[in-house]
Amino acid sequence: MRVSVVGTGYLGATHAACMAELGFEVLGLDIDQAKIDALTRGELPFHEPGLPELLLKHVQSGRLRFTTSYEEVGTWADAHFIGVGTPQKPGESAADLRYVDAAVTSLAEHITRDALIVGKSTVPVGTAERLGTLLADARAHAGLPGTVELAWNPEFLREGYAVQDTLAPDRLVVGVQSAHAEDLLRQIYAKSLAEGTPWITTDFATAELVKVAANAFLATKISFINAFSEITEAAGGDIGTLADAIGHDPRIGRKFLNAGVGFGGGCLPKDIRALQARVSELGLDRTMRFLAEMDDINLRRRDRVVDLAVQVLSHSLNGAIRTTGVGEGSGTVPSPAAVEILNGAKIAILGVTFKPHSDDVRDSPALDVANRLFTAGADVAVYDPKGNANAARRFPRLGYVNTLAKAVIGADLLILLTEWDEFRQMDPEDIGRLVDRKNIIDARNVLDPAPWQTAGFTHAALGHRFAPDASV
Ligand code: UDX
């Protein structure tokens, strides 16, 4: 079986390389010539553990090739996977579907044999049905040989674990309209099926909804624990212990209950907004209203970090704790209190990617916090093991350094914003010798406060009341 993958971004490139690993001949297609040239040389334009090796191996073996020609894939492949982006429309909540529409139309106009088109992109419910009509119309108009069917097979891969999630998925969900389409997909995923991966055959709407429901649920879990962080910050209590304790209940589970600066990335934020927009279109405005609250809770965490920076620095400078008030004034326009305290303060920003093991800074809470502190006048030194280059493209005026030591030298405050291992493993004594003032904020709740306090640091963390005089 020959497989094409349309769209060679994060999802498409991963899927193409993994399909080659499964033994298929694969042709990846993108309209971006520069991307195709890089992939053809075996170069991956983003960071993803394990993927560069797979790409190179199969490009060298000739099993994986790349092209910009729809004509080439249309005459060649038996199955065409669509992995193009569905970004948030600028200034709106809804998803922009122009790339999926263009991919289906272009395939319809170039396929010259029996083939299956398999959508993998995350789309609002109802899209596959609409694309089915688009496909039928385009085929009728094109008058080309071959019967072309559509199926929907959402991906659930996580950045940083994309290869593992593609080769050994938790489940396979296929939305199909014929036994023939299901048979072809069963052949493609035969290895996973043999390994016992749960297989769910369903209709288009359910397949589309499974993906957005999973992401909405994950976002809700994170925001739920972060809402409790607001309570423990005000009333006392330990958010980590709380998460551990409720997580022991198997109905709840401990995963995705890590309190911190909140969720970001190319999926969760845009997917929950697109879901709200879609249910509104369906006349169900109230149904997903809680997701707007989740979004708010998530964004308030960034305010909280800026406010904690003001509290920690004011305490360090003059022993008094000033506050900006969470949710008021620390947003994109800094409050006078924030400017007064932060102006000129040297702050080491540890991590700017939306999560570790990725160089992705899309909708990154960490990068947003760094920029807010900079906007308030702080002198920020940003260090991320993989994300500096992407961050610098987004916010070129921030100060970037290429080692942890350079970031912390002379700092008044360190803020850990992405939980890279390099930051988890920091030695408080060593770091203490480099800084000007011993202050650290753990915005991911991954550091043990005790050794930091022993080394003389004022330690603050999200989900914990800031009471330095009581703790030191
Ligand atoms: C997510 C889904 O997990 C994946 O199934 C889907 O296909 C795409 O979207 P990804 O965006 O790669 O994957 O990241 P994920 O690991 O889900 O983390 C999302 C965000 O939530 C990150 O910013 C992370 O730091 C944050 N997070 C995660 C928390 O703040 N706390 C947690 O407990 C877990």
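Trainee: Over residues 348-449, what share of the chain is helix and what share is strand?

Mentor: It's 34% helix and 18% strand over residues 348-449, with the end C-alpha atoms 18 Å apart. Keep in mind that this is a predicted model.

Trainee: What does UniProt place at residues 348-449?

Mentor: The UniProt record, an unreviewed entry, puts the feature "domain: UDP-glucose/GDP-mannose dehydrogenase C-terminal" there.

Trainee: OK, and which strands form the open sheet, in what order?

Mentor: There are 6 strands, running E11-E10-E9-E12-E13-E14, and the pairing is parallel. The edges are strand E11 (399-400) and strand E14 (458-461), each pairing on one side only.

Trainee: Let's zoom in on E12. How many bridges join E9 to E12?

Mentor: Strand E9 (residues 346-350) and E12 are joined by 4 bridges and run parallel. Leu 413 in E12 is the bridge partner of Ile 347. Then 3 bridges join E12 to strand E13 (residues 439-442), also in parallel. There, Ile 415 stands opposite Ile 441, and Leu 416 has Asp 442 as its bridge partner.

Trainee: And the E12 side chains, which way do they point?

Mentor: In strand E12 (residues 413-416), Leu 413 and Ile 415 point one way and Leu 414 and Leu 416 the other.

Trainee: Switching topic: what are the domains of the whole protein?

Mentor: The domain assignment gives domain 1 (2-202), domain 2 (212-295) and domain 3 (301-471). The C-alpha centres of domain 1 and domain 2 lie 30 Å apart. Their contact takes 10 residues from domain 1 and 10 residues from domain 2. On the domain 1 side, the residues touching domain 2 split into 6 nonpolar, 3 polar and 1 charged.

Trainee: So where does the ligand lie relative to domain 1 and domain 2?

Mentor: Between them, because domain 1 (2-202) and domain 2 (212-295) both give residues to the shell around the ligand.

Trainee: Which residues come nearest to the ligand?

Mentor: Out of 20 residues around the ligand, the nearest are Glu 159, Asn 258, Phe 263, Gly 265 and Cys 267. The shell divides into 10 nonpolar, 6 polar and 4 charged residues. Helix H10 (residues 204-235) gives the largest share of the shell, 3 residues.

Trainee: Last one, Asp 430. Why does Asp 430 count as exposed?

Mentor: Because Asp 430 has 11 C-beta neighbours inside 10 Å, and the cut-off for exposed is 12 or fewer. Asp 430 belongs to helix H19 (residues 428-434).

Trainee: And how far is Asp 430 from Ala 77?

Mentor: Asp 430 and Ala 77 are 57 Å apart in space, C-alpha to C-alpha, and 353 residues apart in sequence.

Technical notes. Residues numbered from 1 in each chain as written. Predicted model: local features only at pLDDT ≥ 70, side-chain atom pairs only at ≥ 80, totals over all residues. Near = placed C-beta within 6 Å. Helix = DSSP H or I, 4+ residues; strand = E, 2+ residues; numbered from the N terminus. Nonpolar A, V, L, I, M, F, W, Y, C, P; charged D, E, K, R; others polar. Domains from an automatic or database assignment. Buried ≥ 20, exposed ≤ 12 C-beta atoms within 10 Å, placed from the backbone. Pairing = 2+ DSSP bridges. UniProt positions renumbered as here; feature names shortened; annotations may be inferred. Contact = placed C-beta atoms within 7 Å.
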